[in-house]
Amino acid sequence: RRRRCRQHLVETHALIITVHEVRERAARYPRRATCLPIQACNSWAFGNNSGGMEKQTLIEVDQISRFYGEHCAVNDVSFTVQRGEVLGFLGPNGAGKSTTMQIICGVQTASTGRVSIAGHDIFDEPAAAKSHIGFLPEIPPLYLDLTVDEYLAYAARLRRVAGADIAAAVDRARSRCGLSDTGHRLIRNLSRGYRQRVGIAQ
């Protein structure tokens with residue numbers, strides 16, 4: 001079920017995954033954010049751009065840098081992510097992975113460079129760009145006292161899904177993320193893996 005959920009996301013979206021607590025592999029890379037296809041990490045088998053899929057650039061990062069005083073946290077990072085592609089950040093602690101993600105999501109501004117999300121500049125058109133972003137940390141910030149269905153219905157309302165369409169949207173999200181039998185369960189009682197699925201489903 002987890003693979004089907006990830007495969008759906010790969011086919012319809014673009015994903016960036018930040019790999020934390022890297023040990024042996026981290027020593028092979030310089031102390032800066034390093035971008036590489038996720039297949040380079042053998043333990044992450046999500047697949048990649050499917051053959052025949054229409055090329056569409058969803059994320060474009062162009063020469064972004066971030067300075068805190070004289071300290072350079074992110075140094076001249078550039079990459080693009082196509083629809084259906086999965087990209088991973090690999091680097092030791094302090095390499096700039098989280099800072100780069102925050103810049104992409106519009107939480108922080110870059111000192112130099114630009115970021116485009118689905119054709120919208122994250123700094124000039126933040127509302128339009130952020131409407132195309134889904135951000136899932138390792139521990140999703142969920143309302144633990146709600147059931148899965150209640151939480152997903154709440155998320156649907158936040159995303160301005162029409163009231164008449166909410167039930168169908170919740171059913172579709174649960175089915176895609178392997179949550180079909182958990183709609184009535186309290187999120188508090190779910191395992192960590194299932195909570196992450198709820199985070200994806202929202």
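When I say strand, I mean a DSSP run of E with at least two residues, helices are runs of H or I with at least four, and both are numbered from the N terminus. Two strands pair if DSSP finds at least two bridges between them.

Before I go on: this is a predicted model, where local features need pLDDT of at least 70, side-chain atom pairs count only at pLDDT 80 or more, and totals for chains, interfaces and linings use all residues. Residues are numbered from 1 along each chain as its sequence is written, and side-chain values use heavy atoms, with hydrogens and water left out.

Back to our two strands.

Take a look at Val61: its bridge partner in strand 4 is Phe79, and in strand 6 it stands opposite Val115.

Put together, you get an open sheet of 4 strands, order 4-3-6-7, with antiparallel pairing. Strand 4 and strand 7 (120-121) are the edges, each pairing on one side only.

Then there's helix 2, residues 97-104, lying across strand 3, strand 4 and strand 6 and running at about 120° to strand 3. For that angle, axes are lines fitted to C-alpha atoms, for helices over the stretch in contact (heavy atoms within 4.5 Å), and angles run from 0 to 180 degrees between N-to-C directions.

Zooming out, the protein chain has 6 helices and 7 strands.
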